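Please go through the model below and work out, with definitions and cut-offs stated, how its chains are built and how they meet.

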Amino acid sequence: MSTPSVSPKPVKTNRIGLQILDYRGGKTTLCAGCGHNAISERITEAFYEMGIQPERVMKMSGIGCSSKSPAYFMSRSFSFNTVHGRMPSVATGALLANKTMRSIGVSGDGDTVSIGMGQFIHLLRRNVPMIYIIEDNGVYGLTKGQFSATADIGSKLKTGVINDLPAIDTCALAIQIGATFVGRSFSGDKKQLSAMLKAAVAHQGTVMLDVISPCVTFNDHEGSTKSYKYMQEHEEAISEVGFVPHFEDIAVEYDPNTTVDVRLHDGSHLRLRKLHEGYDPTDKVQATKMLMESHAKGEVLTGVFYVDTQKPDFASLLNMVDEPLATLSQERVRPRREVLAEIMDAHS
Amino acid sequence: MTTSGLVAQGQTTSSLVRGGKQIVNDFSIQIATVNGSGSQSANSVLLRSIFRMGVPVSGKNLFPSNIAGLPTWYTIRVSKHGWVARKTDIDVLIAMNPETAQQDVLSLSAGAAVIYDESFKLNERRADVTFYPVPFDQLTASTGADAKIRKLVKNMVYVGVAAQLLSIDMEWIEKSVRKQFAKKVKAAELNLSAVRAGFEYAASSLTQQNPYLVEPMNATQGKIIIDGNAAAAMGAMFAGVTVVTWYPITPSSSVVEQLIDYMKKYRIEQDGKASFAIVQAEDELAAIGMVIGAGWAGARSMTATSGPGISLMAEFAGLAYFTEIPGVIFDVQRTGPSTGMPTRTSQGDLTFIAGLSHGDTKHVMLIPASVKECYEFGIAAFDIAEQMQTLVFVLSDLDLGMNNWMSEPFEYPEKPIQRGKVLNAKQLEELGGFARYKDVDGDAIPYRTLPGTDHPAAAYFTRGSGHNEKALYSERPDEYENNMLRLARKFETAKTLVPQPILEGDGKQKIGIIAFGTSHWAVIESRDQLERESHLETDYLRVRAYPFTQEIHDFVASHERIYVVEQNRDAQMLHLLKVDLDPAQTVKLRSVLHFNGLPIDARTLTTAIASQEGAGK
């Protein structure tokens, strides 16, 4: 909430002259070591490094541990902690009111894939221009450790209960339903997650990031497939993600033999250094196939699976005026007297 | 063709009818058709022709929850007195549905007239009504209409027959047809030829025997005919709505469908871009969620729904109340619970909406009784919602929303749009910051900022969890309690903004009537009946909003007995009144209820009140 304090020695600022402090949030109340806190830090850094004015950002969330986290980053941004599983509709409405704002939604696996599935897929289908992060730990933390719908089949709760239903793969789903930027990362993978988040900021359309974020209290033990240990042993990156913002030199380290370069809307470049031969992030079928294959092998595939920079986002489809609808003047929203007379005449 | 009631060809009108009394401009017509047969245009032409002759008229569609095949009835009431409530007795039946024709005839009172397809052989059923057999198929074929559209054109034939038998001027019929098919000249001509075929057949082959006649008056000049949903849509457009979300549901869909038409016509700017967004949501949960998101971000947002949608919106309604976000919800009420009868009218959502959500919650309700109020409250709702920073529900009903009503023309809103207490960056700079939920002005309404306000102190954290004045998370008992008490005080402030009740009568009678919404039209007619038939004079207070204002307390206090009239089973208004009123006063309240899904009629009220007053007819 406070303006930057003046310090005697020059402080590091971003391209709009703000310090990292200007992007900080409140003190976290989540458990020490929670993956969500690491994600909050990466979000803070990404918006700082991309030089986004915090007042131009709306932070949206539902209910759950993950949904509390918008309180822990970017306090100068406008935040709305809504109801369980229904953040997508509120976020959509807010963007209809003001399409000039940026929007980042933080949700969890329960909030998205269980109670919120309906709204989630319609958000993706509409390609609402926002970043949607699932902080995915496969467990309900705030109600003390029940399975969610992303828990892997066969995984075990602390109480010994075994999950006998298959996990829903949010990335495969998002690709099929219509999200235009789909990736998966791990809260502990600072480099990959940072690059992905910065690219997400540059993308115009729905960015769906599933970030595996182990729950240190209820789901970080032997038998859990979303523990730190399991992830370190089973994570396989599809590609190495690099990101070059549009305001940096984009010619560096370009190697056409081993990288795929995706130009994003603001002129930024997302660069995937191929670890898998022939990987093309614009091929839905291949992306889905790879996800299925990795499931079969018991691996957790990470990386940016799919990018579509052509599909128009929802705000564009609606052909709204350039200015935010929220603040249009009376002259533009209340038709003239003659219009009323015309309608009255039609009903006389 | 010698059965009683049938008239042989060639006899003159005057020699027959005039044995009895003529009944001019005071009767009702019922058209019984099959749903999906396209009778709507024909019925509308009949209604509007009578209206254009200067005679007060109202039309009610009693239709099934079905796309095609089930019976449907359209009733036109012609009333020189201007009564527009449903009239239970039918005087002229146009029987076009073979499935219901026998039953329709049996339900008529003696002396009624029946226009019917001659193949139904209805004349064998009764001797005390007048029968007019018409060879509809033969007359329809004579128009040369293509086989595919004969079913539609056939309806215009009964318009012609009825026009001739009831003395409805062909000049007005023709004008109404041309207006109905304004852009389709060919269709207008074809329909007119069907009307003429019916008219000429009636003139040459039937003899008018019934007493019912329409004679020109001068009681509708300058008036309009419109349905409540279209009126509500107009209200929303002139209120400056910018974000509209919806999920289709009978009987509210036409609010948004009509609004889409209006907005496309009148709210597209010169560069072709829209000053609005209209989104069909995946369900009512998403519809209200988008309304709240848009309201939070500063748009004038709305949705329209009916009972089942309201049920789904309960959780979000609590969020909006507690986080103090504006939005407008049009509830066009139908019968419940559950699916109920989706195409039948009700006033059954009152108590549910008053406190919609878990926890202590109170919502502002505006209750229009007329199409004009649908329009006016449609505008006022957005002002009140933004001034109060809360949801405002407009409770219409199927009868009001989907039926055609006469009205004085609507007036252009002279009052500027009221956006409520919104701080901009400059004001924030002067104030040095703000506390989102602090009562600064003593009216319990706090200040807010909109996302995007360019000031480091502009942002706040909106949450449905416990919060203090600064919008920070709080579980402190005193902070929770203070906030809830402020919200209760804020609801008191709403009393200064909502439409006040309207008193009819001199206020000096012992008997009072309280009613709201569409019951109004039956109440005013019933008061007339009570006075003429039972010498019971009454005062009448029409409630137009919740929270209740002082006038309502005063009205109850100054009358000995108060009949609360409502269209639901559980006396919902009476119960809301009981919560608010001085307990000593509540014993005065009595209920008059009507809840069979059909619009309330005056006779039901008159009988109920007269018998309770010991003045039974």
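The questions and answers that follow take up the chains, their contact and one residue.

This is a predicted model, in which local features need pLDDT of at least 70 and side-chain atom pairs count only at pLDDT 80 or more, while totals for chains, interfaces and linings use all residues. Residues are numbered from 1 along each chain as its sequence is written, chains are lettered from A and ligands numbered from 1 in the order in which they are written, and side-chain values use heavy atoms, with hydrogens and water left out.

Q: What radius of gyration does chain B have?
A: Chain B holds 22 helices and 23 strands, and its C-alpha atoms fill a box of roughly 90 × 65 × 40 Å along the principal axes. For its 617 residues a compact globule would have a radius near 25 Å, and chain B agrees with this, having 27 Å.

Q: Which three residues supply 12% of the area that chain B buries against chain A?
A: The contact (heavy atoms within 4.5 Å) takes 76 residues from chain B and 59 residues from chain A. Together the chains bury about 5,400 Å², 63% of it on carbon and sulfur atoms, where buried area is the accessible area (1.4 Å probe) that two parts lose on being put together, summed over both. The three residues that supply 12% of chain B's share, more than any other three, are Tyr412(B), Pro456(B) and Phe461(B).

Q: Is Ala46(A) buried or exposed?
A: Ala46(A) lies in helix H1 (residues 35-49) of chain A, and beyond residues up to four places away in sequence it touches Leu197(A) and Lys198(A). Its C-alpha atom is separated by 9.1 Å from that of Met196(A), 150 residues apart along the chain. The cut-offs are under 20% relative accessible area for buried and over 50% for exposed, with partly exposed in between (1.4 Å probe, protein chains only). Because its relative accessible area is 3%, Ala46(A) is buried.

Terms used. Helices (H or I, at least four residues) and strands (E, at least two) are DSSP runs, numbered from the N terminus. The radius of gyration is taken over C-alpha atoms; the globule rule is 2.2 Å times the number of residues to the power 0.38.
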